[in-house]
Amino acid sequence: IKTFASYIVFIGGDVKEPSAIKYDGKITVLQAISMAGGYYPKTAILDDVLVIRREPGKPARAFSVDLTKILDGSDLSQDFYLYQFDTVYVKAKE
C-alpha cells in the first residue's frame, strides 16, 4: 500500500487567494500560483516572483523566479518543485 503525506506551501502577494496550500506528492511554482487562484495580470510582477526556502539547520534562502519565462516556455527550469513549507510571494506593482 502506498500512501502520500500531505505537504504545505504558502503563497501570498498579488495572487487571488493567498493561503497555505495543502498538496500530496510534488508541486511546482506555477502549480502553486494556479492553486492560489492565479495572479492579477495588471499588477503582478511576473519576472521576479520570490520563493523563500527554510530548511532545518540551514540559513533561509531566497530564489527569484521569472514566471514570464515559464509561461512562454523559454526556461521551464524555473518552474522547479517546491519543498515543504516553502513560501511563494508574487510582488505587485506600486
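Which residue in β4 does V49 stand opposite? V49 stands opposite V65 in β4, and the account below sets this pair in the context of the whole chain.

## Basis of the model

This is a predicted model, in which local features need pLDDT of at least 70 and side-chain atom pairs count only at pLDDT 80 or more, while totals for chains, interfaces and linings use all residues. Residues are numbered from 1 along each chain as its sequence is written, and side-chain values use heavy atoms, with hydrogens and water left out.

## Overall fold

The protein chain contains 2 helices and 5 strands, where helices (H or I, at least four residues) and strands (E, at least two) are DSSP runs numbered from the N terminus. Along the sequence these elements follow the pattern β-β-α-β-β-α-β. The radius of gyration, taken over C-alpha atoms, is 13 Å, close to the 12 Å that the globule rule gives for 94 residues, so the protein chain is as compact as a globular protein of that length; the rule is 2.2 Å times the number of residues to the power 0.38.

The C-alpha trace spans about 45 × 30 × 25 Å along its principal axes.

The strands form an open sheet of 5 strands in the order β2-β1-β5-β3-β4, with mixed pairing; two strands pair if DSSP finds at least two bridges between them. Its edge strands are β2 (19-24) and β4 (61-65), each of which pairs on one side only. Strand β3, residues 49-53, pairs with β4 in the antiparallel sense over 5 bridges.

## Surroundings of D86

D86 lies in the loop between α2 (67-71) and β5 (87-90), and it counts as buried because its relative accessibility is 0%. Leaving aside residues up to four places away in sequence, D86 touches I8, V9, F10, V51, I52 and R53, contact meaning heavy atoms within 4.5 Å.

The side chains of D86 and R53 are joined by a polar contact of 2.7 Å, that is, a pair of N or O atoms within 3.5 Å; within protein, one must be able to donate a hydrogen and the other to accept it, and residues adjacent in sequence count only if both atoms are side-chain atoms. The side chain of D86 also reaches the backbone nitrogen of Y83 at 2.8 Å.

Methods: Buried means under 20% relative accessible area, exposed over 50%, partly exposed in between (1.4 Å probe, protein chains only).
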